[in-house]
Amino acid sequence: MTPQGVRLDEPFAVDVSRLGSTTSIAPSGELDAATRPQLQAAIPELGPGDRLILDLRRLAFMDSSGIRVVMTLDVRSRAEGWGLAIIRSPGAVQRVLDLCRVPERVRTVGDPVELESM
Amino acid sequence: MSGEPPELSETLPAVAESVPRLRRAVTGFAAEAGASGMVLESLRLAVTEAVTNAIVHAYVDHDSPGTVSVIAAVDDGALRITVSDRGRGMLPRIDSPGLGLGMPLIAQAADAVDVHEETGGGVRLTMSFNLRARAEAALS
């Protein structure tokens, strides 16, 4: 278990839910080169006015493969006119995001309530 | 008992599925050696990036993937982890599929890093993690 209570041995999975124009994608387990294709395959086509929330709170591990997914989504969202936000995890995953300065590019929140004004 | 200090040595095919297997092997060895908290987090990230670099770049001009090896051992209070391949070496690549974040993240995570191009092909990357007094700022 991590300090956040996330199991390190949890198999990788991606939960996708949609409410109106908002799609939430919540990967769990370990995100790396082996599991990145699974996450990418879960990302739907989006259009102007849509928003995508990437909920990273159940991730036990993430490397630069995850950063690549986020940065690709950032470029797509700007080009296609939809919104992108990340719900961060307080541990190692967030430190990788911070090291790569992702919060400077992508809206990153700790509490989903903060997204209500998005 | 041979009296030799414990060492981890694993060689797997240089394919994406080997990334979590090698990370978990090193994590288990490091935890047995006394690594915890931030040190464990740092080495998990660094090993993952190093193995991924080998998988993505080392055998790009080969018909089939080669192997990637990880050796870990404790030496004078430090955990030394070597990730090596037998691929094309440190040749520039204009079609790189990555963001170039692997080595910067390794440099941030490890206390010391050494990269060596092997005579006859391949890259050997050695990372050290201080088990005694690891700076908590490494990933903060």
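1. A quick term to start: contact here means heavy atoms within 4.5 Å. On that basis, the contact in this predicted model draws 20 residues from chain B and 18 residues from chain A.

2. How much area do chain B and chain A bury between them? The figure is about 1,600 Å², and 63% of it lies on carbon and sulfur atoms.

3. Between chain B and chain A you can find five salt bridges. One to look up is E30(A) with R44(B), where the closest N and O atoms are 3.4 Å apart.

4. Now for the side of chain B that touches chain A. Helices α1, α2 and α3 (102-109) of chain B each supply at least two of its residues. The largest share, seven residues, comes from α2(B). By class, this side has 10 nonpolar, four polar and six charged residues.

5. Helix α1 of chain B deserves a look of its own. It covers residues 18-32, which is 15 residues, and reaches 21 Å from first C-alpha to last, close to the 21 Å expected at 1.5 Å a residue. Just after α1(B), G34(B) takes a positive phi of about 110°.

6. Which residues of α1(B) are buried? They are S18(B), V19(B), P20(B), L22(B), R23(B), V26(B), T27(B), F29(B) and A30(B). Their cover includes elements from both chains: β2 (22-31) and β4 (59-62) of chain A, along with β1 (7-13), α2 (37-58), β2 (67-75) and β3 (78-85) of chain B.

Key:
Residues numbered from 1 in each chain as written. Chains lettered and ligands numbered in written order. Predicted model: local features only at pLDDT ≥ 70, side-chain atom pairs only at ≥ 80, totals over all residues. Heavy atoms only, no water. Helix = DSSP H or I, 4+ residues; strand = E, 2+ residues; numbered from the N terminus. Expected span 1.5 Å × (residues − 1). Buried < 20%, exposed > 50% of the residue type's maximum accessible area, 1.4 Å probe, protein only. Buried area = accessible area lost by both parts, 1.4 Å probe. Salt bridge = Lys/Arg side-chain N within 4 Å of Asp/Glu carboxyl O. Nonpolar A, V, L, I, M, F, W, Y, C, P; charged D, E, K, R; others polar.
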